[in-house]
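Student: Please put the sequence and the structure on screen. I will then ask how you know what you say.

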Amino acid sequence: MKPNILIVMVDQLNGTLFPDGPADWLHVPNLRALADRSVRFANAYTASPLCAPGRASFMSGQLPSATGVYDNAAEFASAIPTYAHHLRRAGYRTCLSGKMHFVGPDQLHGFEERLTTDIYPADFGWTPDYRKPGERIDWWYHNMGSVTGAGVAEITNQMEYDDEVAHFAKMRLYDLARGRDDRPWCLTVSFTHPHDPYVARRKYWDLYEDCAHLQPEVPAMDYADHDPHSRRIFDANDWRAFDITEDHIRRARQAYFANISYLDDKIGEILTVLDETRQEAIVVFVSDHGDMLGERGLWFKMSFYEGSSRVPLMIAVPGGQGKSVGDPVSTIDLCPTLCELAGVSMEDVMPWTAGLSLVPQMNGLRRTEPVAMEYAAEASEAPLVCLREGRWKYTACALDPEQLFDLETDPHELHNLAGAPAHHDILTALRAKAEARWDLARFDAEVRASQARRRVVYEALRQGGYFPWDFQPLRAASERYMRNHMDLNVLEENQRFPRGE
């Protein structure tokens, strides 16, 4: 029998807070219990440090240069198979509760059911423009108001959303337990926290009042001391319009940590339903990308620095043993991993899929293949690419000097070794691997062509009648609870779990 699969995805969770499961100072009892029985990938990386590109890559096992999902307004093509397609093709019931930031008219991408709408728009309105370097699009670019406005609230746009995501996920698990469908299932539950704005409920905020981690380990640097891409991020975030104080930083980080504990409660509720309904499932916990959280003065994502690009990744198999894997891996590896764990073949598309199954690492084998990342969205003016191989991280962009960091001796990436004669050989080797993988001029041309097409389409579709692509959840009220075309006795028996106790 094929295993059930529960995937829990969170948004913008910094992987350095999960060095081997959650850091011991985080108040996350449910995630800690999950970590104890999981294979924990201590050096997992996003395919791209932004929501839509990272998520499309996670679902498809391909990098943005292959999916065409370069930024948060790039269409995810319906012809690209996702893990939901592969599993559904093999007989799985596939369901999504929550965010996946699909852009375009296809809002399912292999999911048979979608229980909520998305929290972000599905159209092309957030398209960057490489023709206008340095331009800020104020109405949708991040700004530092998320930091200066950090604090406490009992309800926000994002809390309302995640409360709903958890509720519908639990209701679907109860429904699956009723046994009316004998197919194995894959339920993806995708939250928007701890993504900024940094606002938390008081019960979680108070957990971190005396936390020793409310200031970054690496203080803010002068603007001129940052690398060119980091300066572009500062400009995109409109940093000059805000005076960021240590108190702002402390409050923003406190709210962020509080929202991790909020998520832990939600995840605990879902895992409790799974347990109480006696359903076994493979459980995957992952984030789409990280958050710099004020380290070196940077916030949010959009860079290859560890806080932005490294993510937590844990996989718990029923009856499996908890252990840690240190080799670098990628979120694009999850699609082939899920398929292998489910006994589902990807043979028909493997020649075009970049991800590698993590099952060998789960079984104790080492990995030598480098991890690749790409970024071609807001705050960039040309695509950036990155390789993580062993202790080394190499970054290249046609506009910027190369970067080479030794993460073993320099985990905060403060010393660029690209110009150091002693590291010439490793730089040359990684540069050669990057050049073999990427044609940066072609990549840039493809991004610009995509942006141009989307600008034309978006402006056209906003003229005259407007039909939104946003997913509209439909619920047949006449098929819920008790109605006169139903037999009350049959209804009550079928809706009960467990029956007859």
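Student: How do the residues lining the second largest pocket divide into nonpolar, polar and charged?

Tutor: They divide into 11 nonpolar, 7 polar and 8 charged. Ala, Val, Leu, Ile, Met, Phe, Trp, Tyr, Cys and Pro count as nonpolar, Asp, Glu, Lys and Arg as charged, and the others, Gly among them, as polar. This is a predicted model: local features need pLDDT of at least 70 and side-chain atom pairs count only at pLDDT 80 or more, while totals for chains, interfaces and linings use all residues. Residues are numbered from 1 along each chain as its sequence is written, and side-chain values use heavy atoms, with hydrogens and water left out.

Student: What makes something a pocket, and what makes a residue part of its lining?

Tutor: On a 1 Å grid over the protein atoms alone, a pocket is an open set of points where a 1.4 Å probe fits, with protein on both sides within 12 Å along at least five of seven lines; a lining residue has an atom within 4 Å of a point. If the probe fits but cannot get out, the set is called a cavity instead. Rolling a probe the size of a water molecule over the atoms shows where empty space is left.

Student: What is the volume of the second largest pocket, and which residues lie closest to its centre?

Tutor: The second largest pocket holds about 540 Å³. It is lined by 26 residues, and Asn14, Thr16, Glu217, Glu295 and His412 are the closest to its centre. Volume here means the space filled by probe spheres set on the grid points, which are joined across faces, edges and corners.

Student: And the largest pocket, what is its volume and what lines it?

Tutor: Its volume is about 810 Å³. There are 22 lining residues, with Met171, Arg172, Asp175, Arg178 and Arg480 nearest the centre. The lining has 10 nonpolar, 2 polar and 10 charged residues. Helix α6 gives the largest share, 6 residues.

Student: How many residues of β16 are buried?

Tutor: 6 of its 6 residues are buried. Buried means under 20% relative accessible area with a 1.4 Å probe and protein chains only; exposed means over 50%, and partly exposed lies in between. Trp392, Tyr394 and Ala396 are on one side of β16, and Lys393, Thr395 and Cys397 are on the other.

Student: What makes β15 and β16 a pair?

Tutor: Two strands pair if DSSP finds at least two bridges between them. β15 and β16 have 6, in the antiparallel sense, so they qualify.

Student: Why is Leu407 called buried?

Tutor: Its relative accessible area is 11%, which is under 20%, so Leu407 is buried. Leu407 lies in the loop between β17 and α13.

Student: Which residues does Leu407 touch?

Tutor: Leaving out residues up to four places away in sequence, Leu407 touches Tyr45, Glu306, Arg388, Arg391, Lys393 and Glu413. Contact means heavy atoms within 4.5 Å. Leu407 and Trp392 are 15 residues apart in sequence, with their C-alpha atoms 6.1 Å apart.

Terms used:
Helices (H or I, at least four residues) and strands (E, at least two) are DSSP runs, numbered from the N terminus.
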